[in-house]
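The sequence and the structure are shown first, and a description follows.

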Amino acid sequence: YTFTFRVRLQNKSMNIYEMLMDANRTNLEIDRKRRLGLQNKVINECDKFSYYIELLLEFKIITDKSAAYWSKLVSDVKYMTIAWRTRDKKR
């Protein structure tokens with residue numbers, strides 16, 4: 001399981017990073033729908049990442065401390081993206 005989850009988490013983290021970059025480079029005034037869509041995808045990817053962390057903890061592949069650390073990082077990205085999306089919707 002460890003290898004499979006490691007690869008999935010690496011892929012998820014790169015997907016999140018790339019979508020955030022794409023959203024940031026998408027002009028809100030020109031392509032609002034695409035930018036908001038990318039932000040939504042990031043939020044969904046963060047939810048999936050969090051689920052994988054829960055599974056890793058359940059399978060005892062990571063410790064409680066490690067799960068808390070990674071969950072905090074993912075949560076920060078998710079909620080910053082939600083705040084960004086909310087501000088974009090108001091503009």
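## Contacts along the chain

Two residues are in contact when heavy atoms of theirs lie within 4.5 Å. In this predicted model, consider the contacts in the protein chain between residues at least 6 apart in sequence: 71% of them join residues at least 24 apart.

## Overall architecture

The protein chain contains 3 helices and 0 strands. Its elements follow the pattern α-α-α when read along the sequence.

The C-alpha trace of the protein chain spans about 45 × 20 × 15 Å along its principal axes.

## Burial, surface and charge

The protein chain has 91 residues, of which 32% count as buried.

The protein chain carries 19 positive and 11 negative charges.

## A nonpolar patch

Which residues make a nonpolar surface patch of about 330 Å²? The patch is made by Y1, F59 and I61.

Of these residues, Y1 is found in the segment before α1, the helix that covers residues 2-25. Y1 has a relative accessibility of 68% and therefore counts as exposed, since the cut-off for an exposed residue is over 50%.

How values were computed: Residues numbered from 1 in each chain as written. Predicted model: local features only at pLDDT ≥ 70, side-chain atom pairs only at ≥ 80, totals over all residues. Heavy atoms only, no water. Helix = DSSP H or I, 4+ residues; strand = E, 2+ residues; numbered from the N terminus. Buried < 20%, exposed > 50% of the residue type's maximum accessible area, 1.4 Å probe, protein only. Lys, Arg positive; Asp, Glu negative; His and termini not counted. Charge placed at Lys NZ, Arg CZ, Asp CG, Glu CD. Patch = residues over 30% accessible without salt bridge, like charges linked within 9 Å, V, L, I, M, F, W, Y side chains within 5 Å. Areas by Shrake-Rupley, 256 points an atom, 1.4 Å probe, with all protein chains shown as cover. Salt bridge = Lys/Arg side-chain N within 4 Å of Asp/Glu carboxyl O.
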